[in-house]
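Visitor: I would like to learn how to read a few features of a protein model. Could we take them one at a time, with the general idea before the case?

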Amino acid sequence: MRTWITERFGRELPLVGAPLAGVGGGRLAAAVSRAGALGMFGAGAAATPGWIAREAGVAGADGLPYGIGLMAWALAGNPEQVDAVIEARPSLVSVSFGDYAPHVGRLKAAGITVVTQAGTTREAVEAERAGVDAVVARGAEGGGHGRADVATLPLLQSVLEAVEIPVLAAGGIANARGLAAVLAAGAEGAWVGTAFLACEEAQGSAAAKRRILAAQEDDTAYGRVFDVAQRLDWPREYGGRSLRNRFFDAWDGRERELAADEGAQAELAAARENDDYDTACIYSGQAVGMVREERPAAAVVAEFAAAGALLRRWS
């Protein structure tokens with residue numbers, strides 16, 4: 001399974017652990033990289049330069065490649081994040097969801113590989129024009145934030161036809177079968193988040209991991225409820241896929257009312273502090289039904305390695 005990912009970063013598997021802001025810190029990134037894939041951690045909108053430096057120190061402690069994910073819409077209010085990332089010198093940076101183009105040249109000039117996530121073919125073409133090194137075709141099945149316009153497989157096929165830069169696939173890829181499928185289609189690797197949510201190294205609480213392990217493939221919902229309740233300025237086109245719960249169902253379709261409801265905002269904040277996941281959000285993709293036990297990240301990566309045998313069987 002030699003691809004652009006394995007060759008550019010010296011990895012054994014064409015697999016990237018998605019940034020998973022809030023869950024995927026430096027410890028998880030390091031574990032994924034030690035296992036032969038490419039680990040990443042994500043910087044939330046309020047992440048400080050000091051936090052980025054600390055997590056980068058953990059992620060890169062073994063001297064292995066790793067990546068950092070940034071949210072483009074948040075950088076206008078926290079531009080120091082880019083400075084901190086350049087100072088850390090990760091192998092890969094993902095800048096997505098907003099106006100990322102102004103940051104591409106500076107990151108590349110620092111010797112960092114730059115990618116962005118695209119939820120439509122148009123976004124992928126724009127990314128190539130902006131000068132990114134590769135694009136992640138992120139389908140609607142994916143957990144966390146992104147578009148819900150096109151599913152992974154049709155999006156991947158279309159993007160592969162439309163651009164010449166390397167393409168990674170994201171959304172609904174949970175094991176070796178998913179990795180083999182996107183590699184067979186022409187992707188250079190898979191960008192995987194949900195499969196790592198319940199790992200021992202992930203930062204989610206024990207209560208959150210129990211909810212993940214109990215969830216089925218049809219237990220997710222997509223929308224802006226949690227962003228509106230938290231007063232986060234995510235661009236409207238990028239909702240979030242999370243585990244469906246009581247709070248989401250109560251407010252879905254009532255976002256305008258929710259934006260003015262201070263009680264709901266306080267309720268959600270308290271729930272996050274108290275591990276109340278009937279109210280608080282757990283971002284997760286439709287592959288969550290295949291996450292069945294808490295285990296080390298190395299075990300998850302090892303399971304993906306079986307994609308090689310599947311590809312040989314089909315050849």
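Visitor: Which residues does Phe196 touch, leaving aside those up to four places away in sequence?
Guide: The general idea is that in soluble globular proteins, nonpolar side chains tend to be buried together. In this predicted model, Phe196 is in contact with Leu15, Gly17, Leu20, Leu28 and Val32, and also with Ala202, Ala297, Val300 and Val301.

Visitor: Which members of the largest nonpolar core touch the most other members?
Guide: They are Leu15, Leu107, Val135 and Phe196, in a core of 62 residues. Helix α9, residues 176-185, gives this core its largest share, 5 residues. There is also a second, separate core; it has 14 residues, among them Trp4, Ala18, Val115 and Ala170.

Visitor: Now helix packing. At what angle do α7 and α8 pack, and how far apart are their axes?
Guide: Read the angle, the distance and the handedness together. Helix α7 (residues 121-130) and helix α8 (residues 152-162) pack at about 35°, and their axes are 9 Å apart. The crossing of α7 and α8 is right-handed.

Visitor: Which residues make the contact?
Guide: On the α7 side they are Thr121, Ala124, Val125 and Glu128; on the α8 side, Leu155, Ser158, Val159 and Ala162. Sorted by class, this contact of α7 with α8 has 5 nonpolar, 2 polar and 1 charged residues.

Visitor: How many salt bridges does the structure hold?
Guide: Side chains of opposite charge can pair when their charged atoms come close. The structure holds 14 salt bridges. In one of them, the side chains of Arg34 and Asp62 meet at 2.9 Å, N to O. That pair links distant parts of the chain, 28 residues apart: Arg34 is in helix α2 (residues 26-34), and Asp62 is in the loop between α3 (49-59) and β3 (66-71). Asp62 has a relative accessible area of 43% and is therefore partly exposed.

Visitor: Is Lys209 buried or exposed?
Guide: Lys209 is buried, since its relative accessible area is 6%, under the 20% cut-off. The side chain of Lys209 meets that of Glu294 in a salt bridge of 3.5 Å, N to O. Glu294 is partly exposed, at 42%.

Visitor: Which residues are linked with Arg8 in a network of salt bridges?
Guide: Lys108 and Asp133 are linked with Arg8 in that network.

Visitor: Last, backbone angles. What is the phi of Phe97?
Guide: Phe97 is not a glycine, yet its phi is positive, about 70°. Phe97 is placed in the loop between β4 (92-96) and α6 (101-109), and is buried, with a relative accessible area of 8%. Arg231, another residue other than glycine, has a positive phi near 60°. Arg231 lies in the loop between α11 (225-230) and β11 (239-243), and at 30% relative accessibility counts as partly exposed.

Note on methods: Residues are numbered from 1 along each chain as its sequence is written. This is a predicted model: local features need pLDDT of at least 70, side-chain atom pairs count only at pLDDT 80 or more; totals for chains, interfaces and linings use all residues. Side-chain values use heavy atoms; hydrogens and water are left out. A nonpolar core is a set of buried Ala, Val, Leu, Ile, Met, Phe, Trp, Tyr and Cys residues joined through side-chain atoms within 4.5 Å. Buried means under 20% relative accessible area, exposed over 50%, partly exposed in between (1.4 Å probe, protein chains only). Helices (H or I, at least four residues) and strands (E, at least two) are DSSP runs, numbered from the N terminus. Contact means heavy atoms within 4.5 Å. Axes are lines fitted to C-alpha atoms, for helices over the stretch in contact, and angles run from 0 to 180 degrees between N-to-C directions. A crossing is left-handed if the near helix is turned anticlockwise from the far one by less than a right angle, and right-handed if clockwise. Ala, Val, Leu, Ile, Met, Phe, Trp, Tyr, Cys and Pro count as nonpolar, Asp, Glu, Lys and Arg as charged, and the others, Gly among them, as polar. A salt bridge is a side-chain nitrogen of Lys or Arg within 4 Å of a carboxyl oxygen of Asp or Glu.
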